[in-house]
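Open the model in your viewer and keep the selection tool at hand. The stops below say what to pick next and what is there.

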Amino acid sequence: MTGVLAIGLTAPVFAAEVKASYLYNLSDFTGSKPFSSAKITLAPVKNEIYAMAGESVSVFNSSGMEVYRFDYDPTLGVVVDVAVEESGDIIVLAQQGAKFRLVRCNFRAEPVAPIELHGVPEGFASFAPNRILLRNGSLYLVSMAGMQVLVASPDGTVRKGYDLAHSLEFTEKERVNSGLGGFELDRDGNFLFTVPAIARAYRLLGDGTVKSVGKRGSAPGRFGVISGIAADKAGNVLVADTLRCVVLVFDKDFNFVKEFGARGIKPGNLVGPGDIAVDSEDRVYVSQLRKRGVSVFQLSLS
Amino acid sequence: MKKATQVSLAVAASLLISAPAAFAFHSGGVAECEGCHTMHNSLDGAAMTSATPQFQAGPYLLQGNDASSACLNCHQGSAGSYHISTADADMPAGTAPLQMTPGGDFGWLKKSYTFTVRGSAATNPGERHGHNIVAGDYGYVADATLTVAPGGSYPAANLACSSCHDPHGKYRRDATGAIATTGLPIKNSGSYNTSADPTTWGAVGVYRILGGIGYQPKSLAGSFGFTQQVPAAVAPSTYNRSEATTQTRVAYGNNMSEWCANCHTGLLRGSYTSGMGGLTHPAGNGAKLGATILANYNAYVKSGDMSGTSANSYNSLVPFEMGSTDYTAMKAVALNTDAQLGGADSNSNVNCLSCHRAHASGFASMLRYAHENEFMTIADASGNSIYDPNSTTSAVSQGLTAAEQQAAYYGRDATKFAPYQRLLCNKCHAKD
């Protein structure tokens, strides 16, 4: 999967090397959980998948079976997103009124202690995160609408702030008119994100270098309305397209490889895919509209 | 929140990754055809969209499952920007939909509440919060109670984004103010205070690409063609925002009520004589405020406070129509800075949007403020105005949490109102 760069975006390359096989939907004992537009968070240490789609947070084991669920605690606020520490503690990003708060909870999601942010940089005064990720001992708080990212230690000390709109040389009006459709870190800690308004997916490297891909269209390899983004363990980048009902796979240099899914109601079909995640076994979790839940695919490379 | 860490903003100049200039999709007229349609569903020997088999597109060659779902593919999302709907996952119980456009967030249609009042069960159904567009992919279903438009016969089962907005944006306004479906090319949107004006060589799109005279969605059978022309209005270019600090003022010019009457024919009341029977509330180009209402509007601040003046009395929760098609004048006041809060004058008239939001709101009948109880707020022990925190047994809250109430008032703190604030009907009628 390396060394070949000069390839057109719409010309599938290495198509035979990537295969996506539908496995199952995240389920409980009554069948597929009928989520619509669920957010997905992975807890690699515990091999668990967290899905949030309204009234509660559902926790699934590695086989896709719901093993636990916690409803929102009024004292905690509304759970917007969660991240899971190696210890099993859950860091909850909650909203109370117009304010957000971070709360460390035990594995049952019982509040243990609040996490206060310290050292928030200028320019982030109105920062309102709605996604949280935990990687290598750092918390990543993301404002999808504001296109900003704060990196903090688990105790809340801010280490760095990123303004992605500035990185992309957006004007303030363009920031307001765009926002992020998806955000994730690849296995090297680079930022992956999508901007649906301009049909473009980005990778921001640690040295500030930005690479991007995307051209509007309906043909394979092109973007309709993109949303979630994630990377597999080989570095391939997956982008969900809500309009085209597919997940597109690009290699790490953003050459188009293939796409999978298809609108429909059969197993393996997708309806309005949104958030996506890829676990350490290259299982791809795809959240959908229309109470279609979260479908799981096995990505295999040959 | 002090600065302690340097923000990493620097990006090497060699990156050359600046955003494409065009963020607009509609630009006042018809957008990229392929954004919504596929012609043959075939390219390079394969299906272009996997939604349907090769050589078979959706209805009307659409890529989406239905028209409104196709719209929401772009227009549902995170807070801000051009979004007018919030995903279920982003508005769990106890929280409000995120969008604060003047038209409102369709997500309120999914917000149903149950509570008790004096021991009796009460409901505040989401279905009553707005126009029930049908968008299957996004969980929006037809109104089960009102099967046709109130005051008309437009079928609820066919209510879609395209019922009001012409997805092809054919209606255009030229430099003379004339509106037509063809003629000069549409060079840009005409909806915003920053929009370029029409010229001798180019028209601009009409407000919000609404449908005008003769408009009827192709998917709707029967005779429902619009008989009323699109309204004159201008919005600030940034309009999806909290009004916690400053208001978002849309300059409504004229003809909004007449246009709404394309479907709600029986509700239009442009001419009237006070005291007559058999009327509906006046709304229309002829429904001028009159001296008494005008004086009330410009003086009313909140319950018990009539200290306003004509220079500062505008309230986006009770907007009026300017009675004008002067786009220069409309652009001058269509701001989000509070720099133009001038009140009504003798040309001003009531229009449907004086009370209702076009899409949806946090209140029954898609009103801009609560009306199913005499109060909008209550008071704390010190007499400060607060939103009622009791969402289980209070008629004031109607089941909404205090945070939801504040969001329904577009982020306004309760102290913008009086303690035990009476309904904003009083902005015009001042009976409190």
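Helices and strands here are DSSP runs, numbered from the N terminus; a helix takes at least four residues and a strand at least two. The model is a predicted one.

**Stop 1: two residues with positive phi**

Select N136(A). This residue sits in the loop between β12 and β13 (138-143) of chain A. Its phi is positive, about 50°, although N136(A) is not a glycine. Is N136(A) buried or exposed? With 79% relative accessibility, N136(A) counts as exposed, because the cut-off for exposed is over 50%.

Now go to R290(A). Look in the loop between β25 and β26 (294-301) of chain A. R290(A) is another residue other than glycine with a positive phi, here near 55°. Its relative accessibility is 37%, so R290(A) counts as partly exposed.

**Stop 2: a pocket in the strands of chain A**

Select L42(A), A43(A), P44(A), L134(A) and R135(A). Of the 44 residues lining the second largest pocket, these lie nearest its centre. The pocket holds about 840 Å³ of space. Next, colour the strands. Those of chain A that each supply at least two lining residues include β4 (39-43), β5 (48-52), β8 (78-84) and β16 (182-185). Further along chain A, β20 (226-231), β24 (276-278) and β25 (283-287) also each supply at least two. Which strand gives the most to this lining? It is β12(A), with 5 residues. By residue type, the lining of the second largest pocket divides into 21 nonpolar, 9 polar and 14 charged.

**Stop 3: aromatic rings**

Stay in chain A and select Y140(A), Y162(A), F183(A) and F191(A). Together they form one aromatic cluster.

Aromatic pairs are counted when ring centres lie within 6.5 Å. By this rule, there are 25 aromatic pairs over all chains. For one of them, select F106(B) and Y140(B): the ring centres are 6.4 Å apart and the planes meet at 65°, so this pair is edge-to-face. F106(B) belongs to the loop between α1 (67-75) and β2 (113-117) of chain B, and Y140(B) to the loop between β3 (120-124) and α2 (161-164) of chain B, so the pair ties together parts 34 residues apart in sequence. Both partners are out of view on a surface display: F106(B) counts as buried at 6% relative accessibility, and Y140(B) is buried at 3%.

**Stop 4: lysines over rings**

Select K187(B) and W201(B). K187(B) lies over the face of W201(B), 5.5 Å from the ring centre. Then move to K427(B) and Y297(B). Here the charged end of K427(B) sits over the ring of Y297(B), 4.3 Å from its centre.

**Stop 5: cavities**

How many cavities of 30 Å³ or more does the structure hold? There are 4. To find it, select F363(B), A370(B), V396(B), S397(B) and Q398(B), the closest to its centre of the 14 lining residues. The lining of this largest cavity is made up of 7 nonpolar, 6 polar and 1 charged.

Finish with the second largest cavity, at about 60 Å³. Its lining residues include P102(B), E243(B), Y252(B), Y314(B), R357(B) and R368(B). By type, the lining of the second largest cavity splits into 5 nonpolar, 2 polar and 3 charged.

Definitions and conventions
Residues numbered from 1 in each chain as written. Chains lettered and ligands numbered in written order. Predicted model: local features only at pLDDT ≥ 70, side-chain atom pairs only at ≥ 80, totals over all residues. Heavy atoms only, no water. Phe/Tyr/Trp six-rings, centres within 6.5 Å; stacked < 30°, edge-to-face > 60°. Buried < 20%, exposed > 50% of the residue type's maximum accessible area, 1.4 Å probe, protein only. Lys NZ or Arg CZ within 6 Å of the ring centre and 35° of its normal. 1 Å grid on protein atoms, 1.4 Å probe; cavity = no way out; pocket = protein on both sides within 12 Å on 5 of 7 lines; lining within 4 Å. Points joined across faces, edges and corners; volume = space filled by probe spheres on them. Nonpolar A, V, L, I, M, F, W, Y, C, P; charged D, E, K, R; others polar.
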